[in-house]
Amino acid sequence: QVQLVESGGGLAQAGGSLRLSCTASKIIGSINIMGWYRQAPGKQRDLVATITNGGNTKYEDSVKGRFTISRDNAKNTVYLQMDSLNAEDTAVYYCNAVQIRVGGSFSSWGQGTQVTVSS
């Protein structure tokens, strides 16, 4: 299991920016996929963006061109830069780590950080 600690959430105005950070308790080079998910009130938790240990990224359609996921292996940290925020981005954002091993895959979650965008 990997412990994940998120930070950087808060209140932003529409059109503004926030950067989320997720620091892992182990070397993230050993983690196959790290990602960000979000859950708005009354809705399911949805994928926002993922990055593999090879640096390949994937984004949910509504955030393409506005959000950027990146990783700093030296700091064991993954970031989510969020620009051009809108009210629909309001949600609790969760960091996720997936380790793929011979015996199966193992998923870990952070505690979540609230992002609120005012229009």
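There is one disulfide here, and keep in mind that this is a predicted model. The two partners are Cys22 and Cys95, whose sulfur atoms sit 2.0 Å apart. Cys22 belongs to strand 3 (residues 18-24) and Cys95 to strand 9 (residues 91-101), so the bond ties together parts of the chain that are 73 residues apart in sequence. If you look along the S-S bond, you'll find a torsion of -80°, which makes the link left-handed. Is the pair buried or exposed? Cys22 is buried, with a relative accessible area of 0%, and Cys95 is buried as well, again at 0%.

Gln99 is buried, with a relative accessible area of 5%. Its side chain makes a polar contact with the side chain of Lys26 at 2.9 Å, and another with the side chain of Arg101 at 3.1 Å. Leaving aside residues up to four places away in sequence, Gln99 touches a list of residues that includes Gln1, Val2, Ser30, Ile31 and Phe106.

Now for the charged pairs. Side chains of opposite charge can pair when their charged atoms come close. How many salt bridges does the structure hold? There are three. One of them joins Arg38 to Asp89, with the closest N and O atoms 2.9 Å apart. Arg38 is in strand 4 (residues 33-39), while Asp89 is in the loop between strand 8 (77-82) and strand 9, so to speak a link between distant parts of the chain, 51 residues apart. Asp89 also meets Arg66 in a salt bridge, 2.8 Å from N to O. Here too the pair links distant parts of the chain, as Arg66 sits in the loop between strand 6 (57-59) and strand 7 (67-72), 23 residues from Asp89. Arg38 is buried, Asp89 is buried with a relative accessible area of 1%, and Arg66 is buried at 14%.

Then there is the salt bridge between the side chains of Asp61 and Lys64, at 3.1 Å from N to O. Both of these residues are exposed.

Finally, take a look at Ala14, in the loop between strand 2 (10-13) and strand 3. Ala14 is partly exposed, with a relative accessible area of 44%. Not counting residues up to four places away in sequence, Ala14 touches Leu85, Val117, Ser118 and Ser119. The C-alpha atom of Ala14 is separated by 28 Å from that of Asp72, a residue 58 places away along the chain.

Terms used: Residues numbered from 1 in each chain as written. Predicted model: local features only at pLDDT ≥ 70, side-chain atom pairs only at ≥ 80, totals over all residues. Heavy atoms only, no water. Disulfide = S-S within 2.5 Å. Helix = DSSP H or I, 4+ residues; strand = E, 2+ residues; numbered from the N terminus. Buried < 20%, exposed > 50% of the residue type's maximum accessible area, 1.4 Å probe, protein only. Contact = heavy atoms within 4.5 Å. Polar contact = N/O pair within 3.5 Å; in protein donor to acceptor, adjacent residues only side chain to side chain. Salt bridge = Lys/Arg side-chain N within 4 Å of Asp/Glu carboxyl O.
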